[in-house]
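Visitor: I would like a close look at one part of this protein, with the cut-offs spelled out as you go. Could you walk me through a single helix and what surrounds it?

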Amino acid sequence: RSDWPLMRNNVLREDLDAVIELLKQTDPILTQSSNVIAFEREWSEWLGCKYSVFVNSGSSANLLSLAALRIKAGTGEVITPPLTWVSDVASVLQAGFEPVFADIDPRTLGMSTERILEKITPRTKAVFLTHILGYDALTDKLLDELKARNIPLIEDVCESHGATHNGKKLGTFGWHSNFSYYYAHHMTTVEGGMVSTDDAESYQILRMLRAHGMVREANDPAVRERYKSEFPDLNPDFIFAFPAYNVRSTEINAVMGRTQLKRLDACNARRTENLKVFLDNLDPKKYRTDFKFEGSSNYAFTLVQKEPSDAFSQNIMSTLRASGVEFRRGTSGGGNQLRQPYLRKMLKPNAFKELPEVDHVHFYGYYIGNYPTLEPGRVKELCDLLNSIPAHG
């Protein structure tokens with residue numbers, strides 16, 4: 001049996017040593033403090049944005065972004081990806097918006113620009129675009145249209161740290177961008193996430209939303225003074241501007257993030273090299289190989305059958321299991337979110353059938369682990385194995 005997990009442990013001795021040094025301090029502060037501030041600053045510099053807010057997960061980053069949108073824009077529709085992790089759709093629902101789903105572009109697995117533009121109405125409050133498994137889902141046409149219509153873009157970059165569009169990092173195009181530092185992602189804080197933005201007003205709101213809606217969490221003195229003067233009957237330390245959350249992270253997670261960030265670019269380069277080997281050696285008659293490689297920062301290998309075939313699907317899965325290669329059918333988030341129980345209860349019957357591209361990936365798409373310690377020679381061996389699988393019977 002081969003040993004091919006979805007992810008090798010991305011936590012190195014140097015990360016643990018940094019945490020140990022923190023714990024060895026006399027009376028160390030472990031809750032959100034100076035390392036969180038430093039990590040937010042270093043991340044903003046790496047990404048190329050003005051502000052970042054560190055939270056306890058990528059799902060919490062989604063939650064805060066959509067909560068801030070609700071404060072800014074009120075209720076309405078959000079164009080929402082059908083192929084994504086569940087927390088994207090959940091955050092839209094939890095913030096009181098109506099999700100409107102657009103089918104995907106097979107070359108990026110992200111929502112198709114044409115399908116997005118078809119779904120825009122006067123009730124559209126934002127487009128929430130997920131960059132799937134390291135691919136750039138943006139187009140210049142989409143960016144131009146959203147700007148012309150004054151519709152905010154929210155980017156989910158949880159699986160795509162370091163990917164670019166026109167040479168500029170994903171996560172710098174949207175009003176907000178959300179990142180995850182879960183164990184298996186490009187870099188990890190074990191659990192953690194980030195919301196990044198260039199909007200100064202939104203930054204203050206995100207800081208308050210992160211910690212119970214408390215005004216004292218704003219680091220702009222003018223914001224704190226405004227609330228203090230408007231509500232003189234309240235203790236300034238305990239003014240709650242919003243019915244919010246507690247999604248703070250810790251100094252321990254931030255220290256790990258700071259050490260991981262130093263090697264993120266090198267790790268991403270290796271992942272991208274491995275993806276090229278994978279796509280170059282895969283049989284294009286059996287599998288889709290024309291993914292949008294330019295600007296990608298691969299998270300996991302995308303294996304999608306060229307044609308729908310249940311027999312081929314069974315052959316793929318049984319061969320991978322027999323060879324000890326871990327995989328996930330449906331790629332990100334288990335495939336078509338519209339087939340999941342929580343959405344089937346809300347949408348009209350068989351709504352998922354209106355999204356044929358994502359439904360193909362749901363049944364005939366898979367992802368396989370890619371990580372910085374993976375040797376290109378092993379990737380070639382994987383392709384040989386996949387190419388040898390009979391497409392019929």
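Guide: The buried residues of helix 10 are L264, C267, N268, R271, T272, N274, L275, V277, F278 and L279. Buried here means under 20% relative accessible area, with exposed over 50% and partly exposed in between, using a 1.4 Å probe and protein chains only. Helices (H or I, at least four residues) and strands (E, at least two) are DSSP runs numbered from the N terminus. This is a predicted model, in which local features need pLDDT of at least 70 and side-chain atom pairs count only at pLDDT 80 or more, while totals for chains, interfaces and linings use all residues. Residues are numbered from 1 along each chain as its sequence is written, and side-chain values use heavy atoms, with hydrogens and water left out.

Helix 10 covers residues 264–281, and its 18 residues should span 26 Å at 1.5 Å a residue; the expected span is 1.5 Å times one less than the number of residues. The end C-alpha atoms are 26 Å apart, which agrees.

Now for the neighbours. The buried residues of helix 10 pack against helix 2 (34–47), helix 9 (251–261), strand 10 (300–304) and helix 14 (376–387). Contact means heavy atoms within 4.5 Å.

Y135 sits in the loop between strand 4 (124–130) and helix 6 (140–149), and Y135 is buried, with a relative accessible area of 0%. The side chains of Y135 and T302 are joined by a polar contact of 2.7 Å. A polar contact is a pair of N or O atoms within 3.5 Å; within protein, one must be able to donate a hydrogen and the other to accept it, and residues adjacent in sequence count only if both atoms are side-chain atoms.

T302 in turn stands opposite Y367 in strand 12. Strand 10 and strand 12 run antiparallel, joined by five bridges; two strands pair if DSSP finds at least two bridges between them. Strand 12 (residues 365–369) is mostly covered, with five of its five residues buried. Strand 11 (residues 327–329) also pairs with strand 12 in the antiparallel sense, over three bridges, and R329 has Y366 as its bridge partner there.

Helix 2, another packing partner of helix 10, lies across strand 1, strand 8 and strand 9, running at about 130° to strand 1. Such axes are lines fitted to C-alpha atoms, for helices over the stretch in contact, and angles run from 0 to 180 degrees between N-to-C directions. Those strands belong to an open sheet of seven strands in the order 1-9-8-5-4-2-3, with mixed pairing. Strand 1 (51–55) and strand 3 (98–101) stand at the edges, each with a single partner strand, so one side of each is left without a neighbour in the sheet. The twist averages 20° from one strand to the next. Within this sheet, strand 5 (residues 153–156) and strand 8 run parallel, joined by three bridges, with E155 partnered by S177.

One more stop is T189, in the loop between strand 8 (176–180) and strand 9 (193–197). T189 is buried, with a relative accessible area of 1%, and a polar atom of its side chain lies 2.8 Å from the backbone oxygen of E191. Its contacts beyond four places in sequence include F39, N253, M256 and G257.
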